[in-house]
Structures are given as C-alpha cells and as structure tokens.
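This report describes a protein model through its fold, its strand pairing, its core and its ring pairs. The sequence and structure come first.

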Amino acid sequence: MALMRSLLGAKKILGNATSKQAAAAAPKGYLAVYVGQSQRKRYVVPISYLSQPSFQALLSKSEEEFGFHHPMGGLTIPCPEDTFINVTAQLQ
C-alpha cells in the first residue's frame with residue numbers, strides 16, 4: 001500500500017510537467033529528486049528505488065512536508081544530503 005501511494009504521489013508531481021520537461025529532467029528509468037533542508041541539490045536516481053522501504057521512508061517525509069506541491073518543480077526530499085546519500089548507497 002505504501003509503495004502504491006509513493007508511486008502515485010511521484011506520478012502526480014511529475015504529471016504536471018510537459019513531456020519535454022520530463023525528458024530533460026532525467027533519463028528514462030530514472031527520477032530527478034531535490035535533496036536538502038535549506039539548500040537543495042539535484043540527484044538522479046533509478047525508479048527501482050521507489051520500491052525500497054528505506055527510500056519510501058524518505059518519500060513519506062516529503063509527503064508530510066510538501067504534499068503534492070513541490071517548490072522545486074520536482075520531487076523534493078527534505079532531509080540532510082548526507083542522510084540521502086547513506087540511504088541510497090545501501091540500495092546500490
């Protein structure tokens with residue numbers, strides 16, 4: 001259920017972009033995310049991360065803080081950059 005909610009949330013956020021903007025945002029099979037608490041840095045991650053519980057926890061933080069309105073125009077994850085790197089390093 002959490003995976004489905006995460007996927008639907010990501011689709012809703014990305015659905016607002018035109019296909020040209022979406023193609024420029026990340027290569028096929030990847031998702032662009034913005035990470036950080038005050039200053040945000042762009043990362044491109046495989047969409048397979050969406051099914052991982054540790055990544056879903058990050059998405060839950062994003063949903064709690066932003067709902068479906070993300071100020072950067074893409075999926076924004078409000079956590080310290082080093083936390084994001086530690087989580088995604090374990091997924092590779």
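How many aromatic pairs does the count come to? The count comes to three aromatic pairs, where rings of Phe, Tyr and Trp (its six-membered ring) pair if their centres lie within 6.5 Å. The pairs are described under the last heading.

## Basis of the values

The model is predicted: local features need pLDDT of at least 70, side-chain atom pairs count only at pLDDT 80 or more, and totals for chains, interfaces and linings use all residues. Residues are numbered from 1 along each chain as its sequence is written, and side-chain values use heavy atoms, with hydrogens and water left out.

## Overall fold

The protein chain has four helices and three strands. Both kinds of element are DSSP runs numbered from the N terminus, helices being H or I with at least four residues and strands E with at least two. Read from the N terminus, the order is α-α-β-β-α-β-α.

Of the 92 residues in the protein chain, 35% are buried (buried means under 20% relative accessible area, exposed over 50%, partly exposed in between, with a 1.4 Å probe and protein chains only). The chain exposes about 5,800 Å², of which carbon and sulfur atoms supply 56%; accessible areas come from the Shrake-Rupley method with a 1.4 Å probe, and for residues only the protein chains shown count as cover. Among contacts (heavy atoms within 4.5 Å) with a separation of 6 or more, 52% join residues 24 or more positions apart.

## The sheet

Three strands form an open sheet in the order S2-S1-S3, with mixed pairing; two strands pair if DSSP finds at least two bridges between them. S2 and strand S3 (75-77) are the edge strands, each pairing on one side only. On average, neighbouring strands of this sheet are turned by 40° against each other, direction ignored. Axes here are lines fitted to C-alpha atoms, for helices over the stretch in contact, and angles run from 0 to 180 degrees between N-to-C directions.

S1 and S2 pair in the antiparallel sense over six bridges. In this pairing Tyr30 has Pro46 of S2 as its bridge partner, and Ala32 stands opposite Val44 in S2. The two strands form a hairpin with five residues between them, and Gly36 in the turn has a positive phi of about 140°. S1 and S3 pair in the parallel sense over three bridges. The S3 partner of Val33 is Leu75, and that of Tyr34 is Thr76.

Tyr34 lies in S1 (residues 30-35) and is buried, with a relative accessible area of 18%. Its C-alpha atom is 8.3 Å from that of Pro78, 44 residues apart in sequence.

Arg42 lies in S2 (residues 41-46) and is partly exposed, with a relative accessible area of 38%. Helix H4 (residues 81-91) lies across S1, S2 and S3 and runs at about 10° to S2.

## Nonpolar core

The largest nonpolar core has 16 residues, and those with the most contacts inside it are Val33, Val35, Phe55, Leu58, Ile77 and Phe84. Such a core is a set of buried Ala, Val, Leu, Ile, Met, Phe, Trp, Tyr and Cys residues joined through side-chain atoms within 4.5 Å. S1, S2, helix H3 (53-66), S3 and H4 each supply at least two residues of this core. In soluble globular proteins, nonpolar side chains tend to be buried together.

Leaving aside neighbours within four places in sequence, Val33 is in contact with Lys41, Arg42, Tyr43, Leu75, Ile77 and Phe84.

## Ring pairs

Three aromatic pairs are counted. In one of them, the rings of Tyr43 and Phe84 have centres 5.0 Å apart and planes at 45°, so the pair is tilted (planes under 30 degrees apart count as stacked, over 60 as edge-to-face and the rest as tilted). This pair links distant parts of the chain, with Tyr43 in strand S2 and Phe84 in helix H4, 41 residues apart.

Tyr43 and Phe84 are both buried. Ring pairs link Tyr43, Tyr49, Phe55 and Phe84 into a cluster.
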